[in-house]
Amino acid sequence: MDQGLAALLGATVGVVGTVAASAISSGATRRQLEGQAKVEHSHWRRQLRREAYSAFLAPANEARTALKMAARALVGDAPDMAEADRQLRIGQDQLTLVQATWAGLAVEGPESVEQAAHSVHLGLHSMHTTLLAWRDSSGAPDRNVNFVERHAVEVTMVSERLSSFTSAARTALDDTDLPPSRPH
């Protein structure tokens, strides 16, 4: 083989090697960038969910507190109707916020969190309805024993449902920490 041909062949192999190395490096860089983009997207989604879950939980807790305060105002021989009405209004306002933020949870998901939130909303609504009926029957000869008992059950139920929501939200947030890796 003559030296010119050997040099040309050597140069060709060098160029092919350089192009191949560049392609391999480019593919690795692209996979690294795609991985980074997935991690950033996952963190962004997690933050959106955290905000949606917190936006629901805050008014839900406020509604529960206001409704419990309304019940305290209704207890006894001389119920404080003005305080009960004030707390019922606060509870209703918070329930409106719960309903509005529940819509955001329906979009953010997952379904387990949305269902847990729906359960909290129904429990709070039931509490509110019971307290309205209790208020409207104030002064009943049986001292509203049925409403007192029903409210006590609903307080426990709402507390359990809030715990379930918090647990479902925490699980959903943990599941969005890192995206599943795909084989390349």
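1. The protein has a mean pLDDT of 85, and 87% of its residues reach 70 or more; pLDDT is the predictor's confidence in each residue, from 0 to 100. This is a predicted model, in which local features need pLDDT of at least 70, side-chain atom pairs count only at pLDDT 80 or more, and totals for chains, interfaces and linings use all residues. Residues are numbered from 1 along each chain as its sequence is written, and side-chain values use heavy atoms, with hydrogens and water left out.

2. The protein has four helices and zero strands, in the order α-α-α-α from the N terminus on. Helices (H or I, at least four residues) and strands (E, at least two) are DSSP runs, numbered from the N terminus. Mean pLDDT among these elements is lowest in helix α1 (residues 3-74), at 81, and highest in helix α3 (residues 111-136), at 95.

3. Of the 184 residues, 29% count as buried. Buried means under 20% relative accessible area, exposed over 50%, and partly exposed in between (1.4 Å probe, protein chains only).

4. Buried residues of α4 include His151, Glu154, Val155, Val158 and Leu162. An α-helix has 3.6 residues a turn, so residues three or four places apart point the same way.

5. The axes of α3 and α4 come within 8 Å and cross at roughly 160°, which makes α3 roughly antiparallel to α4. Axes are lines fitted to C-alpha atoms, for helices over the stretch in contact, and angles run from 0 to 180 degrees between N-to-C directions. Angles under 35 degrees count as roughly parallel, over 145 as roughly antiparallel, 65 to 115 as roughly perpendicular and the rest as oblique. The residues of this contact between α3 and α4 are 20 nonpolar, seven polar and three charged. Here Ala, Val, Leu, Ile, Met, Phe, Trp, Tyr, Cys and Pro count as nonpolar, Asp, Glu, Lys and Arg as charged, and the others, Gly among them, as polar.

6. For helix α2 (residues 81-108) and α3, the axes come within 10 Å and cross at roughly 160°, so α2 is roughly antiparallel to α3.

7. Ser54 lies in helix α1 and, at 43% relative accessibility, counts as partly exposed. Ser54 and Ala169 are 115 residues apart along the chain, yet their C-alpha atoms are separated by 9.3 Å. Ala169 is one of the buried residues of α4.
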